[in-house]
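Here is a short note on the salt bridges. Please have the structure open as you read.

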Amino acid sequence: VSKQVLEQVLRELQPLCTAEQQFIEKFFQLSQDATELQVLEVSVRTTSSPVPLVKEPTTQLLSEIFSCLELELRGFLEVCSKVHPFSCLQVLVTLNDSIFEMLGSSSTLRSSFLNTVLGNVVLLAKSRFNKCIETLCKEIEEAKIPSKMKDRILPSVSLFEEFVNFSEEVFRTARQRQDLHEAHLRLASSVFSSINSLSSANLKVNTDMVMMENFHHIHCFLCQKKIHCLEGKKREAKQRYSEHMEKYVKYLGQPLEKLNHFFEGVKARVAQGVKEEEVSFQLAYSKQELRKVIERYPGKEVKGALETLYRKIHKDLSPEENLLLVVWHAMEQEFIRQYQEFEDLIQRCYAGSGIAMDFTMEDLLSYFNSITQSN
């Protein structure tokens with residue numbers, strides 16, 4: 001509504017001011033280039049301190065005739081700001097476009113009184129715009145985190161998306177986007193800070209999981225919007241999402257926990273200087289102890305543990321982000337890495353013992369595949 005009203009006002013003002021300007025110049029025989037006729041005027045404005053301005057006679061006369069014009073336009077901007085906090089965006093775009101249009105037209109319009117008035121109102125609109133962004137940044141950074149986190153996507157992320165969607169629609173045909181680019185970068189930094197603050201929050205769910213889902217959500221959103229100035233933030237969101245997924249996968253635990261614990265001890269002994277071929281002579285890491293640990297993980301038990309893990313992941317993740325298969329694949333890669341590490345340590349530290357795990361790599365892959373197919 002503010003756009004339509006302002007556009008109508010400007011459409012009616014332009015020919016009126018232009019006609020009045022042309023009449024004054026013709027009637028009083030004033031030349032716009034007659035700089036020797038310039039006079040000094042002290043401009044007393046309600047929104048700023050008195051500023052000395054040099055005005056040529058035409059502009060001075062028009063200022064007298066349309067003395068209330070700038071004041072009315074400023075009042076209109078104030079009303080718009082009260083109706084909707086983001087309305088200053090629409091006013092800024094409409095005024096900027098109007099000035100661009102005048103600059104591209106005749107010399108009469110280029111130096112027109114109206115252009116000067118609109119330039120002053122644009123400065124006020126920019127000030128309102130910056131204040132709006134500053135307030136929104138603060139709102140994003142201070143947004144409260146729900147303790148139960150029923151909706152995994154943070155309120156700050158939703159606020160960011162709301163603004164980006166609104167502003168992109170408003171600036172879709174705008175001729176000047178620098179103000180918006182700067183605003184987008186400021187807001188993106190604020191929303192990243194908001195997600196990062198989760199690390200110190202007392203959540204009832206895993207923090208890395210929530211951070212992973214929120215960074216993933218922002219990455220998908222920025223991929224969809226294709227905003228050039230936010231390409232760096234899009235890459236950063238992807239990197240952060242990957243980092244927290246890795247941490248979440250580690251948090252999920254190790255169904256082969258005792259094997260992991262055993263081989264962590266083996267690696268620690270080697271790191272302390274024990275020769276690999278002598279590790280098996282350590283009482284806690286003897287061949288007999290290794291066999292006992294391996295016996296605890298027959299293939300059937302491992303598959304059952306993986307099925308339990310899959311159900312946990314399914315329960316943890318929010319369906320909206322559609323990350324179940326991605327996390328499950330990451331879990332599979334982590335298990336493969338662990339298995340290969342166990343096999344390598346057995347070959348190096350228990351060579352010739354004939355000890356092997358109850359399941360092979362092919363078995364492990366089939367377990368994951370079977371669970372994926374059946375869900």
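The points below take up a few of the salt bridges and where their partners sit.

1. Start with the whole. This is a predicted model. A search of the entire structure turns up 17 salt bridges.

2. Look at E78 and R128. Their side chains meet in a salt bridge, with N to O at 2.3 Å. E78 belongs to helix 3 (residues 69-83) and R128 to helix 6 (residues 113-141), so the pair ties together parts that are 50 residues apart in sequence. E78 is partly exposed, at 29% relative accessibility. R128 is partly exposed too, with a relative accessible area of 22%.

3. Move on to K234 and E231. These side chains form a salt bridge of 3.2 Å, N to O. Both residues lie in helix 10 (residues 231-251). They are three residues apart, about one turn of the helix. Is K234 buried or exposed? K234 has a relative accessible area of 18%. Buried means under 20%, so K234 counts as buried. E231, at 23%, is partly exposed.

4. Next, take E341 and R337. Their closest N and O atoms are 3.8 Å apart, in a salt bridge. The two residues are four apart in helix 14 (residues 324-349), which puts about one helical turn between them. E341 is partly exposed, with 22% relative accessibility. R337 is also partly exposed, at 39%.

5. Trace it in the structure, residue by residue.

Terms used
Residues are numbered from 1 along each chain as its sequence is written. This is a predicted model: local features need pLDDT of at least 70, side-chain atom pairs count only at pLDDT 80 or more; totals for chains, interfaces and linings use all residues. Side-chain values use heavy atoms; hydrogens and water are left out. A salt bridge is a side-chain nitrogen of Lys or Arg within 4 Å of a carboxyl oxygen of Asp or Glu. Buried means under 20% relative accessible area, exposed over 50%, partly exposed in between (1.4 Å probe, protein chains only).
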